[in-house]
Amino acid sequence: MRILLLDIETAPNKVFSWGFYDQNIAMNQVVETSYVMCWSAKWLGNSKVMFDAIWKTSKKHMLDGMHKLLDEAHVVVHYNGLKFDIPTLNKEFIKSGFSPPAPYKQVDCLKVVRQLFRFEMNKLDFVSQSLKIGAKAEHEGFLLWVKCMDGDKAAPARMEKYNRQDVK
């Protein structure tokens, strides 16, 4: 059985807005919609973490790599992937002309944590540190995503480290 662990990082939407609170953004205020910037994945039992990003190849090539991995997977493990990673990837696949990947089962570790445990906080970093199995890679926060989008030369290496660590 092939079990794939994955995580994606996405660019935020770029929009024009009159204010900061309780805004309804109209379609004509959208400058650019969110997209997958990069992904990390590994097969359970294999130490090699795979990674691809739009700044390494092309968007189509990056998505093709993830699509092929999902096609091979019997089970996909993620954290909040049922609500975020998988629907986001599926949106990107259909927009880029890919057919849906072969069916696979999903294990969303966030859902498992919420159902079976009562951690004080369900964030991946908090749960991982509580279980002493690791921590998220530190970075400058939202600014890292902006720097990657704006072509900062050093930011992609920090994003890759962050993305890979989430899979580990």
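This is a predicted model: local features need pLDDT of at least 70, side-chain atom pairs count only at pLDDT 80 or more; totals for chains, interfaces and linings use all residues.
Residues are numbered from 1 along each chain as its sequence is written, and side-chain values use heavy atoms, without hydrogens and water. Local features need pLDDT of at least 70, side-chain atom pairs count only at pLDDT 80 or more, and totals for chains, interfaces and linings use all residues.

Helices (H or I, at least four residues) and strands (E, at least two) are DSSP runs, numbered from the N terminus. Helix H6 comprises 13 residues, 155–167.

Buried residues (under 20% relative accessible area, 1.4 Å probe, protein chains only; exposed is over 50%, partly exposed in between) in H6 are Ala155, Pro156, Met159, Glu160, Tyr162, Asn163, Asp166 and Val167. Down the axis of H6, they fall within an arc of 165° (directions from the helix axis to the C-beta atoms), so they line one face of the helix. The face turned away carries exposed Ala157 and Lys161.

In S4, eight of eight residues are buried. Strands pair if DSSP finds at least two bridges between them. S4 runs antiparallel to S1, with seven bridges. Isoleucine 8 has tryptophan 39 of S4 as its bridge partner. Four bridges join S4 to S5, also antiparallel. Serine 40 stands opposite phenylalanine 51 in S5. Six residues separate the strands of the S4 and S5 hairpin, where glycine 45 takes a positive phi near 90°.

Note on methods
The expected span of a helix is 1.5 Å times one less than its number of residues.
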